[in-house]
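Subject: Structure for your files

Hello,

Here is the structure I said I would pass on. Please keep it with the notes below.

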Amino acid sequence: MRSGVTRFGTLVLSVVVVALCVLLPAGPAAAHNSLTGSDPRDGARLDSAPKHVRLSFLARLDPGTTRVTVTGPDDNPVTVGRPAFSGSRVTVPVRPVAAGRYLVRYEVASGDGHPIRGDVEFTLTVAAAPTAPPTTGPASSTAAAPTVSASPPADPSGTPVAAPVTPTSGEDGGTPWWPWVLGAGVVLAALTGGLLLRRRPTRDRPAD
């Protein structure tokens, strides 16, 4: 009976020792995050400009404590947007233009709170073509109709010339027509009366 208890205790102790041997080294490794890969890879030489830089890490990234910067020749920044996170990977949109060395600097937080810093570099061997600005729509082929001015033409000396005004019959300022009608009516009445007087019979005078 005593021998069985001893063997059981030895077995339990062995299991505990093995578990400690497995878990203890994993604790520091999980606490300290580290870079596992990049695209472009460190030291790469490219003949065409990449559209993004992707970094992969050992543990999941916290967007609030992760910092990534990409600079080109003369330390000019080439990032063109916000980084996108997916688990343990971060993708940064970039637009390299000049040929030369590009440096990717990163800073991530480890499980124990200590920041992990590092960098990756790649070289662009050929300058990228600049992006053409957006073009405006085609100009209308229809010419604008000329504007006709209603104002009178100007004299060569610079003094405006008033447009001539044609008088309208019957308007104020013209020759009145009613006196002519009235006069014609009077003349016609006089002629009619004279004719009537001439046609009246003459009475015979009494004899002396």
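The notes below cover confidence, the sheet, the core and the salt bridges.

This is a predicted model, in which local features need pLDDT of at least 70 and side-chain atom pairs count only at pLDDT 80 or more, while totals for chains, interfaces and linings use all residues. Residues are numbered from 1 along each chain as its sequence is written, and side-chain values use heavy atoms, with hydrogens and water left out.

Confidence. The chain has an average pLDDT (the predictor's confidence in each residue, from 0 to 100) of 72, and 53% of the residues score at least 70. Over residues 161–174 the pLDDT is below 50, and this stretch has six contacts (heavy atoms within 4.5 Å) beyond near neighbours in sequence. Residues 139–146 stay under 50 and have zero contacts beyond four places in sequence.

Sheet. Strands here are DSSP runs of E, at least two residues, numbered from the N terminus. Four of them form an open sheet with mixed pairing, in the order β2-β8-β7-β4. The edge strands, β2 and β4 (67–71), each pair on one side only; two strands pair if DSSP finds at least two bridges between them. β4 runs antiparallel to β7 (residues 100–109), with five bridges, and Val68 stands opposite Tyr106 in β7.

At the β2 edge (residues 44–46) is Arg45, which is exposed at 63% relative accessible area. The classes are buried under 20%, exposed over 50% and partly exposed in between, with a 1.4 Å probe and protein chains only. Beyond four places in sequence, Arg45 touches Thr123 and Thr125.

Core. A nonpolar core is a set of buried Ala, Val, Leu, Ile, Met, Phe, Trp, Tyr and Cys residues joined through side-chain atoms within 4.5 Å. The largest one has 20 residues, and Val68 is among those with the most contacts inside it, as are Phe57 and Phe122. Val68 touches residues including Leu55, Val90 and Val104.

Salt bridges. There are three in the whole structure, each a side-chain nitrogen of Lys or Arg within 4 Å of a carboxyl oxygen of Asp or Glu.

- Asp39 and Arg54 meet at 3.8 Å, N to O. Asp39 lies in β1 and Arg54 in β3, so the pair ties together parts 15 residues apart in sequence.
- Glu121 and Arg101 have their closest N and O atoms 3.2 Å apart; they lie in β8 and β7, 20 residues apart.
- Glu107 is partly exposed at 27%, whereas Arg117 is exposed at 58%.

Regards

Notes. Helices (H or I, at least four residues) and strands (E, at least two) are DSSP runs, numbered from the N terminus.
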